[in-house]
Amino acid sequence: MNKDFFIALGITALVYVGYSYFFPQNQHPIPQQETAAVEEQASSPAPKIKVKTSVKENAAQEEERFYTLSVKDADITFSSKGAAIKTFDYKDVVAPLNLMPYGREGYFATMPELNFKRVDDASADMVFEASVPGSLKVRKEYTFSRDGGLNQMSLKVKNLSDKNLEISDVFVNMGPGLATVKSEMSENSANLRAVCLIREEGKKKATVNSVTEKMMSKPAKLEAECGGWEWAGIDNRYFLTAFIPRSWKPEASDLKFTKQFIYNQPSFYGLFGEKAVMGPNLAVKLPMAVEAGGEISFDADFYIGPKDYNRLLELPFDLQRSIQFGFFGQFGKWARNLLEWLNGYTHNYGWAIIIMTVMIQAVMFPLTYKQLKSSAVMQKIQPEMKRIQEKYKNDPMTAQREMMSLYKKYGANPLSGCLPLFIQLPIFLALFNALRTSWALHGAPFIWWIQDLSAKDPYYVLPLAMGAMMFVQQKMTMPDIAKDNPSMAMMKWMPIFMTLIFLNFPAGLTLYWFVSNCISFVINLILKKRLAKAF
């Protein structure tokens with residue numbers, strides 16, 4: 001491949017690495033939920049009582065209790081504080097994984113100042129109850145899908161008093177962050193997001209937008225990005241937690257986003273020390289106003305599990321939109337479909353990637369050939385171009401005419417390599433995202449030492465072989481890169497730079513790029529022999 005493609009690819013890789021490693025996230029103070037006592041407005045004939053989950057003093061005296069539940073894909077631990085999911089031990093194919101190891105209130109915590117007790121009730125998998133003496137009775141139920149699909153959560157709040165109650169600052173919590181398997185932790189911080197799904201008028205497909213800290217101070221921005229949201233949640237590269245209100249319609253203003261410190265990790269292999277990783281925490285406000293002696297309920301679905309495209313596609317609410325295929329997403333989806341189709345024959349995703357690479361290169365061959373030929377011809381006529389530039393350095397118009405004659409003589413066009421580049425780069429980026437986000441590659445073995453195509457090559461054989469191939473190819477196509485053009489001297493370091501970039505990339509992606517380079521090398525070799533006869 002020519003130097004323009006290496007430059008474009010290098011810039012793309014540099015942006016990725018810079019984002020992942022060089023920008024440490026600042027630690028924010030952990031916000032504490034406000035608490036207050038019950039305030040009665042006696043002057044009103046039908047007073048409202050504002051309750052800010054007001055039993056902190058009583059709950060603090062009670063010991064936190066834990067309850068466990070085993071479902072198809074996970075072992076789940078619940079906390080009595082807020083009836084929250086404290087740990088979610090997912091039975092991952094790579095290794096058992098707690099998706100929620102970072103403490104705090106726990107996922108789906110509501111009224112964490114209350115200490116819930118488990119109730120033996122067969123109506124749901126987990127039933128909890130708590131009360132504020134003389135004011136409230138709270139019941140919370142969890143029902144889990146038997147096939148790893150959507151689960152249900154129900155929250156019922158009953159007013160035990162003879163006065164209307166307005167319950168303030170009650171949230172359903174999600175976060176902070178999600179964990180992943182050890183082999184993917186180095187880049188987990190760059191993939192952690194809080195998200196909301198909206199359906200925009202005039203668009204056929206739903207949109208998943210990121211929820212950010214800045215939105216909290218800009219209501220118009222929050223409304224634009226999450227207005228009329230259907231579900232909200234937290235995700236990373238391979239896992240998603242989504243909360244889907246069913247019995248009420250939430251507003252964008254009901255979302256509250258904060259960042260919380262979750263762990264420290266080495267910055268760029270530890271060369272820059274450590275950086276604090278901030279996990280996104282998303283809370284959904286529940287609008288509660290309960291009449292005297294009345295009851296209010298909130299029913300919601302939720303999902304906790306892998307971002308398996310085929311699995312999510314079978315579920316409602318467009319949860320598959322959480323998978324980031326990138327700007328050229330349609331190409332990525334086609335690549336994913338092709339990969340899974342090929343795997344149906346190979347029964348090995350590594351060989352499927354190799355065959356897919358060959359097929360893509362075959363389709364791209366006319367453009368690749370044109371690009372490489374243009375680069376080779378321009379390289380061949382370099383000495384004559386320099387001679388013209390030197391001879392007519394004081395006469396630009398004549399130099400330009402002579403250059404055009406030279407191009408015409410050899411059928412060269414300095415711009416002819418640009419179109420193939422513009423087509424190849426989007427395809428590479430689409431494949432990059434498709435291979436990085438493909439759940440099918442998660443824990444999928446290839447051969448010998450590569451037992452997980454979604455993780456880096458443990459012995460760096462593939463990235464080193466790829467770098468060696470790039471070096472040989474560069475020497476073949478641009479042997480005197482620094483001598484011919486001093487301004488391009490940095491290009492000679494591109495193979496080393498790209499090798500360093502790919503060291504931590506998924507083995508499946510590195511395999512694709514290595515095979516692609518091997519094919520380009522063969523094409524270059526054939527082309528070089530043909531051009532040698534032509535000149």
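1. Let's start with α5, which covers residues 329-346: its 18 residues reach 25 Å from first C-alpha to last, close to the expected 26 Å (1.5 Å times one less than the number of residues). Helices here are DSSP runs of H or I with at least four residues, strands are E runs of at least two, and both are numbered from the N terminus.

2. A word on provenance: this is a predicted model, with local features needing pLDDT of at least 70, side-chain atom pairs counted only at pLDDT 80 or more, and totals for chains, interfaces and linings using all residues. Numbering runs from 1 along each chain as its sequence is written, and side-chain values use heavy atoms, leaving out hydrogens and water.

3. Back to α5: its buried residues are Gly329, Gly332, Lys333, Ala335, Arg336, Leu339, Leu342 and Asn343 (buried is under 20% relative accessible area, with a 1.4 Å probe and protein chains only). An α-helix has 3.6 residues a turn, so residues three or four places apart point the same way. After α5 comes His347, with a positive phi near 55°.

4. Asn188 sits in the loop between β11 (171-174) and β12 (193-198). Asn188 counts as buried because its relative accessibility is 2%. Leaving aside residues up to four places away in sequence, Asn188 touches Tyr102, Leu178, Ala179, Thr180, Asn236 and Tyr263 (contact means heavy atoms within 4.5 Å).

5. For the whole protein, I have 13 helices and 19 strands, with 53% of the 535 residues buried. Of the contacts between residues at least 6 apart in sequence, 67% join residues at least 24 apart.

How values were computed. Buried means under 20% relative accessible area, exposed over 50%, partly exposed in between (1.4 Å probe, protein chains only).
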